[in-house]
Amino acid sequence: MLKLIHLLSDFRIFFTMSSLLLSPILYSAEPLPLETRFKLEEVQWIRGKGDASLTGKAFIQLESGEYKDCAGFQIELLPVTPYSSERIVKTYGNKQQGQILLSQNPPVFTPDAKAYHEMEIIGQCDQHGVFSFNNIKAGEFYVMAFIIWDEQQGKDKIKMGGGVMHYINLQDHRPQKILMKN
């Protein structure tokens, strides 16, 4: 009988530890170190006016398989640099396109340069899930859609959704369209 009690106790400890380690809600990853340093001079060019334009739609695929569009949510154009590329690869696994759900624990980075978050072009999707950017400088960008909302679960509000990313090379006088859907 004593052996059975110890076996059950060991099983409960193993099950509890496994649940804690695998739970995306309870597990909080340590910040990922970045090898590349942010350099302001690599991104200052985005503040000027240009002749490039971009329109598009963005969707995130939820765990249920359903798609949710970006209507009312923020869109960002992030200039491609070694620093932004390292962050993108560590988040999405590549530099071309991808998505990450909040339930997948998106990484946190160190150092997390404040200026990095300020040197982007910010827009918003309209009520039809369409975004557009006009008169921007030509160049390479990561288009980022953050489709994140609060969902009531019992007495708690839980953040749902995530981020969608797509690389694009914008050119002057060549309006481009993009569909962000993984």
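K114 is exposed, with a relative accessible area of 63%. Exposed here means over 50%, buried means under 20%, and partly exposed is in between, using a 1.4 Å probe and protein chains only.

A word on the model before I go on. This is a predicted model, where local features need pLDDT of at least 70 and side-chain atom pairs count only at pLDDT 80 or more, while totals for chains, interfaces and linings use all residues. Residues are numbered from 1 along each chain as its sequence is written, and side-chain values use heavy atoms, with hydrogens and water left out.

Back to K114. Which residue does K114 meet in a salt bridge? The partner is E118, at 3.8 Å from N to O. A salt bridge is a side-chain nitrogen of Lys or Arg within 4 Å of a carboxyl oxygen of Asp or Glu. Both K114 and E118 lie in helix 3, 4 residues apart, about one turn of the helix. Helices (H or I, at least four residues) and strands (E, at least two) are DSSP runs, numbered from the N terminus. E118 is partly exposed, at 42% relative accessibility.

How many salt bridges are there in the whole structure? The search finds 4. Here is another one. D150 and K159 pair through their side chains, 3.1 Å from N to O. D150 is partly exposed at 41%, and K159 is exposed at 52%.

Next, R87 and D112. Their closest N and O atoms are 2.8 Å apart. R87 lies in helix 2 (residues 82-92), and D112 sits in the loop between strand 6 (109-110) and helix 3 (114-118), so this pair ties together parts that are 25 residues apart in sequence. Is R87 buried or exposed? R87 is buried, at 9% relative accessibility. D112 is partly exposed, at 41%.

Now the largest pocket. Its volume is about 440 Å³. On a 1 Å grid over the protein atoms alone, a pocket is an open set of points with protein on both sides within 12 Å along at least five of seven lines, and lining residues have an atom within 4 Å of a point. The volume is the space filled by probe spheres set on the points, which are joined across faces, edges and corners.

R87 turns up again. Of the 21 lining residues, the closest to the pocket's centre are R87, T91, F109, M144 and F146. Which element gives the most to the lining? Helix 2 does, with 4 residues. Elements that each supply at least two include strand 9 (139-153) and strand 10 (156-170).

How values were computed
On a 1 Å grid over the protein atoms alone, a cavity is a set of points where a 1.4 Å probe fits but cannot get out, and a pocket is an open set with protein on both sides within 12 Å along at least five of seven lines; lining residues have an atom within 4 Å of a point.
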